[in-house]
Amino acid sequence: MGQKNSFGLLIYIQSPFGRKYLNSLSDHTNPFHMSTKRTGPQGLAKSAKRRKVANEDPLTVEQETIELPEDVDPEDELGQLYALHSGYLKSTKESPKLLYAIVHECDRQLRNSKTVLPPKFHKVYAEALSMLSVFAKKKKSKSTPVASGEQSAASSADSPEDFLLASIERAQIGLEAYPEAIDILLVRCETYTALVELKLKNSAKSKNVEGCVSAIQNATKDYDAALKLLMELQQKLTEEGKKDKEDAKGDADEEITPEHLVKVLRRISKVLETTLESDFIAERFPDLYTWNEGRWAAQLHDAPEDKFLHRGLGEFYLARAYPYVATVESQFEEDNSDSEDVELDRQPSSIALEQAKQFLSKSLKHLYAAESEEDDGAFLAVIAEAQISLANLESDEDKQNRLYAEAIQRLLKAQELGAGDFTDMINELQNA
C-alpha cells in the first residue's frame, strides 16, 4: 500500500452508552448503525460513507477525516479500531470526538460480532469510556446512572462519574471473559483511582469521602492482581526463553511493564496522600497507607537506585507527616494564646511530635536519594518544604540551622528555575 488509509467519520457528540441509545437513532443519523440483517463487514472505513442528515435533526453531526497507518488492513475492523485508539493516545487529547467514535464502534462490533472478542478490545472500550470522563461536565441534578447501559438520547448529558462507572462495568465484563488480562486490570485500577480523584476534588473534607474507601480498596486489589500476573509472566518468559515469548505474552499489551505499574502506583499514592485530609479515612483505614508504603518499599528493594521510586515514597512520607505537624502546630498555638507577655515553654504532644519527625526524616532520606542535577524547581521546593518542617520541630539548634540553610539554597535554585517567588520565605529563614 502506497498511501495511508483515510476516511470520513460522522461523529456524534452525544452519550455513547448503551444499546438502547444506539438503537433509538434512525439509520440516517447513526454513523455506526447496523441493520439486523448482516450483509458483510462494515468496519470504520465502510461505515463512514456520507449520509444526508435532515435539517430538523436535533443532533449535532460533524465530519471528521482520519488517517490510519499504511500497515492497517482496511478489512480488519479490530485493527482499525486499535489504530484509532493508538492514534488518540499519541495525540494532544484536546477533543473527545475520536473517543466517541471509538466507543460507538466498540458497541457496534460488540453487538454484531459472531466470535469472541479479544482482551484488547475490552481494554480499548473501557479506556475510551474512562478518558471521556475528562470532557464531561458535572450534572446539576441527579439522574439514573448510565453504567448499566440504559441511557436514552433524550436524557441529560452524562457526568464524569457516569463515564467512569461505565468504564468499570466494561472492564468487569472483559475480566469475566479474561480474568488474567493485565491490561484490563490496570485500566479498571486507574478508573477506580480516577473515580476517587473526582470525589475528593468535589468534597475532599466532607462525609462524602466515605464512598471513596471501597473504590480505593478495589484499585489496590486490581494493582496487586496485575503485579502478580506481570511477575508470573516475566518469570515464564525467563524460564522459557525467547523461543516461546509470543505464546507467553498472549494478548497482553506491549506497554505493560514494571515501569507502567510504578506510574499507576504513584497515581494511587497521590490519591492516598489527599485522603489524609479526611480524618474519617486516615483514622479508620490505616491499612491503606501501610499497603502503599509496602508497595513502594517492594519496588525499591528490586531497584534501590531508582530515583523515581525514591521520590514517590519520599513524597508519600511527607504527606503522612502533615497531619502530625498540624497537630503539633495547633497545640503550640493554643498553649501560647493564653498570654502575650509570658513566654510559655510547654512541650507539644510527644506522640504527634515523634510521628511528625519520624515521617519527615524518612521523607528527606528518600527525597535526597531522588535528587539530581536535572531536577526541576518544583521538586527542589518540595525538599526545602520538608527540611523547613523538620527544622521547626527540632530542639537541637545546630540541626535546625543546618536544615534552614540547606532549604534556603534549594529555594534560591528553585526560584532561579522559575518554580515561584520564595523571596519572603528566604528572608524569614535568614532572619530566624
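**Reading a predicted model, feature by feature**

Guide: Let's start in helix α12 (residues 307-335), where you will find His-310. Remember as we go that this model is predicted.

Visitor: Is His-310 buried or exposed?

Guide: A residue is called buried when its relative accessible area is under 20%. His-310 has 11% relative accessibility, so it counts as buried.

Visitor: Which residues does His-310 touch, leaving aside those up to four places away in sequence?

Guide: Its contacts are Leu-300, Pro-304, Glu-305, His-366, Leu-367, Ala-369 and Ala-370.

Visitor: Helix α12 also holds Glu-315. Is Glu-315 buried or exposed?

Guide: Glu-315 has a relative accessible area of 8%, so it is buried. Beyond residues up to four places away in sequence, Glu-315 touches Arg-266, Lys-270, Glu-273, Leu-367, Phe-379 and Val-382.

Visitor: How many residues separate Glu-315 and Val-382 in sequence, and how far apart are they in space?

Guide: They are 67 residues apart in sequence, while their C-alpha atoms are 8.1 Å apart in space.

Visitor: Now for pairs of helices. At what angle do helix α14 and helix α15 pack?

Guide: Helix α14 (residues 377-393) and helix α15 (residues 397-416) pack at about 160°, and their axes are 8 Å apart. An angle over 145 degrees counts as roughly antiparallel, so α14 is roughly antiparallel to α15. The crossing of α14 past α15 is left-handed.

Visitor: Which residues of α14 and α15 meet?

Guide: On the α14 side, they include Leu-380, Ile-383, Gln-387 and Leu-390. On the α15 side, Leu-403, Tyr-404, Arg-410 and Leu-411 are among them.

Visitor: How do helix α2 and helix α3 lie relative to each other?

Guide: The axes of α2 (residues 77-90) and α3 (residues 97-112) come within 10 Å and cross at roughly 155°. These two helices are therefore roughly antiparallel. Here, too, is a left-handed crossing, as α2 passes α3. Among the residues that meet are Leu-81, Leu-84 and Tyr-88 from α2, with Leu-99, Ile-102 and Cys-106 from α3.

Visitor: What lies in the loop between α2 and α3?

Guide: Lys-93 is one of the residues to look for in that loop. Here is the general idea: most residues other than glycine have a negative phi. Lys-93 is not a glycine, yet its phi is positive, at about 60°. Its relative accessible area is 36%, so Lys-93 is partly exposed.

Visitor: How many disulfides does the structure hold?

Guide: A disulfide is a covalent bond between the sulfur atoms of two cysteines. This structure holds zero of them. As for the cysteines themselves, Cys-189 is buried at a relative accessible area of 0%, and Cys-212 also counts as buried, at 0% relative accessibility.

Visitor: What is the mean pLDDT of the protein chain?

Guide: The mean is 78, and 71% of the residues reach 70 or more.

Visitor: Over which residues is the pLDDT below 50?

Guide: One such stretch is residues 1-61, which has 147 contacts in the model beyond near neighbours in sequence. Another is residues 341-346, with five contacts counted in that way. Where pLDDT is low, the predicted coordinates should not be read in detail.

Conventions: Residues numbered from 1 in each chain as written. Predicted model: local features only at pLDDT ≥ 70, side-chain atom pairs only at ≥ 80, totals over all residues. Heavy atoms only, no water. Disulfide = S-S within 2.5 Å. Buried < 20%, exposed > 50% of the residue type's maximum accessible area, 1.4 Å probe, protein only. pLDDT = per-residue confidence, 0-100. Contact = heavy atoms within 4.5 Å. Axes fitted to C-alpha atoms, helices over the stretch in contact; angles between N-to-C directions. Helix = DSSP H or I, 4+ residues; strand = E, 2+ residues; numbered from the N terminus. Parallel < 35°, antiparallel > 145°, perpendicular 65-115°, else oblique. Left-handed = near helix turned anticlockwise from the far one by under 90°.
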